[in-house]
Amino acid sequence: MSRIVYVNGSYLPEEEATVSIFDRGFIFGDGIYEVSAVIAGKLVDCEAHLARLERSCGEIRLSLPWSKEELVAIHEELIRRNALDEGSIYLQVSRGACDRDFPFPKDVKPTLVMFTQARNFVNAPAAKTGIKVVSTPDLRWARRDIKSVNLLAPVLAKQIAAEAGAQEAWMVEDGVVTEGASSTAWIVKGKTLISRPLSHKVLPGITRKAVLAFLAESDFSFEEREFTLDEALDAEEAFITSATSMVMPVTSIDGHSIHNGAPGPATLRLRELYIAHARQGGALG
């Protein structure tokens, strides 16, 4: 049975879903996307994802004709129609379809596409073994805080990781780790979690925000600063966060074992807290 997807106001089988070849998301990468997790049939931190969507769209001067309430309703209808218990919902909005020209078109309605993906988040095998990470140069544009659909640089980084038998790439610029190809990068020293400050250089992670909300409960402190690749190799623990990995232990960086090649207690505790948060649908604004 095929998935039911959403395209510009219609719910239809994925085989029947089409978008114009003139869509600016296809031609220019002129669009924004978000991915929300679903646990036990409930959306996780959806309001926060939609707030970030609105911000990203504002940064590229793309006006959304849908309210947050309407977008949440579409998410929930896709969950219902696909009987999705655990997985994710991908949302992409582009500036719309018109004849190819660089300047913004006038009087063109944005294109909205959404679809579900069934995934195993809570009991993901990688959470028990940890994942491998490789480092790559950060080749992306200067506005990484905008969740653009133009993902060629992360695609190339992920391919480098895959060819090395790793599951994620940590991108390095000016000697410091910026972030993962599709995640926020963290290291742990003692009871201190370390991740770089938010800026135009990194995406403001929604799962990052959730982890920081657990600091008092988890008994960890947070040091917001840059860290080098060498510092990461010397860390007691390392992990990544994202909507689809939640809190995922990193047990190898460039072939160097972290925490003796096994998930560390800080990471496992944070993952436990995040899963409890996710089961309740999240509470981030």
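Strand 10 and strand 13 pair in the antiparallel sense over five bridges; two strands count as paired if DSSP finds at least two bridges between them. Helices (H or I, at least four residues) and strands (E, at least two) are DSSP runs, numbered from the N terminus. This is a predicted model, where local features need pLDDT of at least 70, side-chain atom pairs count only at pLDDT 80 or more, and totals for chains, interfaces and linings use all residues. Residues are numbered from 1 along each chain as its sequence is written, and side-chain values use heavy atoms, with hydrogens and water left out.

- Strand 13 covers residues 237–242, and six of its six residues are buried, where buried means under 20% relative accessible area, exposed means over 50%, and partly exposed is in between (1.4 Å probe, protein chains only).
- In a regular strand, side chains alternate between the two faces of the sheet.
- Here, Glu237, Phe239 and Thr241 point one way from strand 13, while Ala238, Ile240 and Ser242 point the other way.
- Strands 13 and 14 make a hairpin, with three residues between them.

**The cavity**

- There is one cavity of 30 Å³ or more. A cavity is a set of points on a 1 Å grid over the protein atoms alone where a 1.4 Å probe fits but cannot get out, and lining residues have an atom within 4 Å of a point.
- The largest cavity holds about 60 Å³ of space, where grid points are joined across faces, edges and corners and the volume is the space filled by probe spheres set on the points.
- Its lining includes Thr178, Thr184, Arg196 and Val202.
- Strand 9 (176–180) and strand 10 (184–189) each give at least two residues to that lining.
- By class, the lining has four nonpolar, three polar and three charged residues. Ala, Val, Leu, Ile, Met, Phe, Trp, Tyr, Cys and Pro count as nonpolar, Asp, Glu, Lys and Arg as charged, and the others, Gly among them, as polar.

**Thr178, from the lining**

- Thr178 sits in strand 9 and counts as buried because its relative accessibility is 3%.
- Its side chain makes a polar contact of 2.6 Å with the side chain of Asp138. A polar contact is a pair of N or O atoms within 3.5 Å; within protein, one must be able to donate a hydrogen and the other to accept it, and residues adjacent in sequence count only if both atoms are side-chain atoms.
- Leaving aside neighbours within four places in sequence, Thr178 is in contact with residues including Arg140, Met171 and Arg196; contact means heavy atoms within 4.5 Å.

- Ser221 belongs to strand 12 (residues 221–224), and it is partly exposed because its relative accessible area is 36%.
- From Ser221 to Glu173 is 48 residues in sequence and 26 Å in space, C-alpha to C-alpha.
- Gln92, in strand 5 (residues 87–94), is partly exposed at 23% relative accessibility.
- Gln92 and Val113 are 21 residues apart in sequence, with 5.3 Å between their C-alpha atoms.
- The side chain of Gln92 makes a polar contact with that of Tyr90 at 2.5 Å.

Methods. 1 Å grid on protein atoms, 1.4 Å probe; cavity = no way out; pocket = protein on both sides within 12 Å on 5 of 7 lines; lining within 4 Å.
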